[in-house]
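Morning, everyone. Please have a look at the model on the screen, and I will go through two parts of it.

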Amino acid sequence: MFCRLKVCNFCNSLRASSFSSAEQSFTVVLGETKNEREAPGAIPVYLVHWIIAMSKRKQPDSSSPADSLSQNERILYNVIHGKQDMGIWTRDMKKETNLPDKVFNAALKTLQAKKLIQEVVNVQSKGRKHYIATEFEPSKELTGGAWYSEGKLDKDYINLVKDQFAKMIYQQKVATLEGIADAIRKTKIFKTEFTKQQTEEIVRDLVLDNRVMEVKSTGMGEFASIQIGKVCYKCKSKGGTRGETKVGAMASIPCGVCPRISQCTPDGIISPSTCVYFAKWLDF
Amino acid sequence: MPATHFGVKYAVHIITSHFGNLVAKVCENLLKRGPLTLRLLIGFTELTPQQVKNSLLILIQHNCVQPFSVDQAEGPKVTQYVALIDNILHRWRFAKFMTVVSQEFDKECELIIKDLLENGRLTLKQITEGEYAVKDTVEKSFLKLVNAHFVERCPAPEAVLEEASKDAPKKRGPKSSKIVEVPETIEQRVVAVAAPSAAMRFSILTDSETDAHGGSSSSMSTGDKRKHDALELDEFANNEVVLWRANFEEFIRCLRHKACVENVRARLDDGAALVLRAMLKSTRTAEKKVKTENSVPVSFSTIYEEVINSEAGRNLTCDRVKASLSLLCDERDVDEDESYSVDLKKILELAQNDEVESIVLKRYGRDAYKMFRLLSTSSRALETDKISDMTLVEKKETPTILYKLWNDEYLLMERLAVTGARQAQFLVWKVDRPIVWKHVLDEMFHAALNLSLRLAYEDEQIKEVQLLPAHKRTGPLGKQWQRFRNVVYVMHASQLKIDDAIMLFHDF
Ligand code: SF4
């Protein structure tokens, strides 16, 4: 609750010149004011006293900047606040508030200055300015989730995590998801614990990278300790190192990976005999 | 998978380099237009009748063309000729076939196969009187080869088809080759009808017996039923003579088995590879067709016997073999009476995946590779954002990469419009295997053709140096020569490798 007091020029009584608090009490105040007709906007002294008493009781809240917003600022703030952890794009704000550009921009600035709202990077569309009320943590849709930092995919971090996961799988020879998560927890390399979903995400990425393969336990040999049929993971190569994908027949010759292959004909401008890729490849 | 646009070009190139331009012209017309009569062939090629006839004779001799006619109720029977593209492509693989023989048989067998590959079709007499033959033993070797199905009787000089059913495709070619369920092509029908009966195919009877038996298959094109517009193919139609040829099918089967074994070695381990090899070896003659999806079921004792028969398998215990079998076969691949069968199709599919994925990796980078792998295993189309989340790729970069893959026919894209409170449009993506596979196969044929053309070009460039006596190839010339030898070495190795890949997609 916030209240600025001033001595009235007319009656010398103490009056509140600007005032904001929980809306309800404000209405009550106005509704019961007889003086209202004499001096619109003025608040009788006894109410001011009451307000002061209230504000004293709720001390910690009293400095909330949200209490001191102009009407336009409040409209804007309510729109942004209403979107909760999803935030809102500036253009949508304009549409919803219907404020003239100048007013809108000023209000936006004030709200930011008062730290009521903040700009967030929306990973879906980075070009768009997106705001969210400071009260909320930006949602996963906005930030992109655990692997994003400041709206950017944190590739270094992901690679670090992946390498550690691959190492654990390699050490265990055949590992289940739980086994991997356990081993990672025990190493204490990472401050945070990975959720089940995050563990799955990283392992899936290793599988897509072809560093790790998914196998079903047969219950025999190396799978002896694992229930039959359970999905397990194995490293494809020594140490689960990166970039050891077998190069196929096509990938090892120029034409197999040639960006021009569809334009290349035996007697055309681009042809095997004039081909620069071949020249480079056969340059011993 | 049917041959593609560049498959045909490559086949024509092979025929040109083996038999020259005239024969290639005839062959090209048959490949591109489908089966033709002699008269039409003369018209299309604008060659003299004699030239066309000679070309056809060469092509038939080398098993690249099969004559046939359609049994019609009315009108005269007209002989048509159909090019057998698979057999043409096999010509590039003769060296591989020779390796197969040399690994399984003695020198004499090797020479017989060599003789047959070089000459296309031979009578037993021609074989036994061949360059290297010593009569006593050559017959034995020949017998061995026939018994092992590496040599077979030639098909009928002219196949007679039942009247073509309406739905049978008239023409083969890039357009008619619909993917997924390939209807039987006219080429396949002709080959099936022309083939000698299973009993005759590998039967060696003495000459007099052959006369009695073999007559039935070849008599249909001789005698009073001489047709108009047919070739004078007396030497092929003569039922006094039984012609033999190398059985390409058996060679391809061996190469297919080899490919499966090597893939298992890479994916699992040496033990599993040994076990699979033993399984395939012990059931090879029982396989009905080359593209067998599941290996012929075989009992554990037979497998084990075969495993310990080989030097490498001698120290494998029963338990280890059983462990390998459990890796190779799913539960459903094991019968109640404990016979094991391996899903060969799956092994080959995985190998195909590797090949395609490695192209994607090299051409489009690691993120694209991950997306492609994700989509090719996903049972349904995925939305752009979902793909980005699942592959841990930057949201902004994802559409660009997907678009590139789509543009080059590696992905299919679909727009989904969602109507509701807010209209939105989503893009979903998926890998359509048959389409991508066909596209990749076509590029492989293209690449193989290009390798061959480039090699010919390099050869042309070095002609002058090549003609010099060795001691004069010094200084810069020596360097050029050395470079050329490296080029040849690298190109040959690549040609073999790319042909392996073509077989993987086309023949296996
Ligand atoms: S010959 Fe050269 S230009 Fe043509 S497809 Fe091959 S690499 Fe590309």
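A residue is near a molecule if one of its heavy atoms lies within 4 Å of it. By that rule, the ligand lies between chains A and B. This is a predicted model, where local features need pLDDT of at least 70 and side-chain atom pairs count only at pLDDT 80 or more. Residues are numbered from 1 along each chain as its sequence is written, and chains are lettered from A.

Which residues surround the ligand? Among them are Cys255(A), Cys258(A), Cys264(A), Cys275(A), Tyr277(A) and, from the other chain, Asn450(B).

Now the helices, which are DSSP runs of H or I with at least four residues, numbered from the N terminus. In chain A, helix H8 (residues 177–187) packs with helix H9 (residues 196–208) at an angle of about 105°, and their axes are 10 Å apart. Axes are lines fitted to C-alpha atoms over the stretch in contact, and angles run from 0 to 180 degrees between N-to-C directions. H8(A) and H9(A) are therefore roughly perpendicular, a label for angles of 65 to 115 degrees. Where they meet, with heavy atoms within 4.5 Å, Leu177(A), Ile180(A) and Ala181(A) of H8(A) face Thr199(A), Glu200(A) and Val203(A) of H9(A).

Terms used: Side-chain values use heavy atoms; hydrogens and water are left out. Helices (H or I, at least four residues) and strands (E, at least two) are DSSP runs, numbered from the N terminus. Angles under 35 degrees count as roughly parallel, over 145 as roughly antiparallel, 65 to 115 as roughly perpendicular and the rest as oblique.
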